[in-house]
Amino acid sequence: FAKATGRTNYLGCGGYAGYVLPNNFWWARGIFYNRSKTDFRDISDGASHTLLFGEAMGGSRDQPYGQFSYTWAGCGLLATGWGLDKDSTDHQFSSNHAGIVQFAFADGSVREIAVGINNNTFQNLSCMADGNTISEKGL
């Protein structure tokens, strides 16, 4: 049955925690936060420095399936509060590319981000209106 569902290796960026936290974390929301209705004007940190979608492999499993993808209807977004590292699990963006994960930014560009990126920088990129803009040198 699980194989019959639609699968994906790309999830929307929900920001620091997908906005499932109390209202005092409103600043930490990403473009695809929980029940979002984001308008382009809501991306006040700049579209070229805000994550839109990222690769997500679904984590490693000891079962014979190895790497697997998410169901597109069941996941939709992924938060960045747990960082991005080489040992990605179900709750982190991940890829099969050595040392990088591909992301689409809100301006339509696609760029690779190193798995060793500073967690604060990565989380700032995931938030659309936290006031922390990132320069190209920060990537």
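Student: Which residue in β6 is the bridge partner of Phe53?

Tutor: Strands are DSSP runs of E with at least two residues, helices are runs of H or I with at least four, and both are numbered from the N terminus. Two strands pair if DSSP finds at least two bridges between them. Here the partner of Phe53 in β6 is Ala104, and β3 and β6 run antiparallel, joined by three bridges. The model is a predicted one, in which local features need pLDDT of at least 70 and side-chain atom pairs count only at pLDDT 80 or more, while totals for chains, interfaces and linings use all residues. Residues are numbered from 1 along each chain as its sequence is written, and side-chain values use heavy atoms, with hydrogens and water left out.

Student: In what order do the strands of the sheet lie?

Tutor: The order is β5-β2-β3-β6-β7, an open sheet of five strands with mixed pairing. At its edges are β5 (77–78) and β7 (110–114), each of which pairs on one side only. Strand β2 (residues 10–13) runs antiparallel to β3 (residues 51–55), with three bridges between them; Gly12 has Phe53 as its bridge partner in β3.

Student: How many bridges join β6 to β7?

Tutor: Five bridges join these two antiparallel strands, and Phe103 stands opposite Arg111 in β7. Four residues lie between the strands of this hairpin, and Gly108 takes a positive phi near 95°. The charged end of Arg111 sits over the ring of Phe105, 3.7 Å from its centre; the criterion is NZ of Lys or CZ of Arg within 6 Å of the ring centre and within 35 degrees of the ring normal.

Student: Which strands does helix α1 lie across?

Tutor: Contact means heavy atoms within 4.5 Å. Axes are lines fitted to C-alpha atoms, for helices over the stretch in contact, and angles between N-to-C directions run from 0 to 180 degrees. Helix α1 (residues 119–126) lies across β2, β3, β6 (100–105) and β7, at about 120° to β3. Five of the six residues of β6 are buried, where buried means under 20% relative accessible area, exposed over 50%, and partly exposed in between (1.4 Å probe, protein chains only).

Student: How many aromatic pairs are there?

Tutor: Rings of Phe, Tyr and Trp (its six-membered ring) pair if their centres lie within 6.5 Å; planes under 30 degrees apart count as stacked, over 60 as edge-to-face and the rest as tilted. The count comes to three aromatic pairs. Phe32 and Phe53 form a tilted one, 5.1 Å centre to centre with 45° between the planes. This pair links Phe32, in the loop between β2 and β3, to Phe53 in strand β3, 21 residues apart. Phe32 is partly exposed at 26% relative accessible area, and Phe53 is partly exposed at 33%. The rings of Phe103 and Phe122 have centres 5.8 Å apart and planes at 65°, so this pair is edge-to-face. Since Phe103 lies in strand β6 and Phe122 in helix α1, the pair ties together parts 19 residues apart in sequence.

Student: Is Ser95 buried or exposed?

Tutor: Ser95 counts as buried because its relative accessibility is 16%. Its place is in the loop between β5 and β6. A polar contact is a pair of N or O atoms within 3.5 Å; within protein, one must be able to donate a hydrogen and the other to accept it, and residues adjacent in sequence count only if both atoms are side-chain atoms. The side chain of Ser95 reaches the backbone nitrogen of His97 at 3.1 Å, and a polar atom of that side chain lies 2.6 Å from the backbone oxygen of Ile100.
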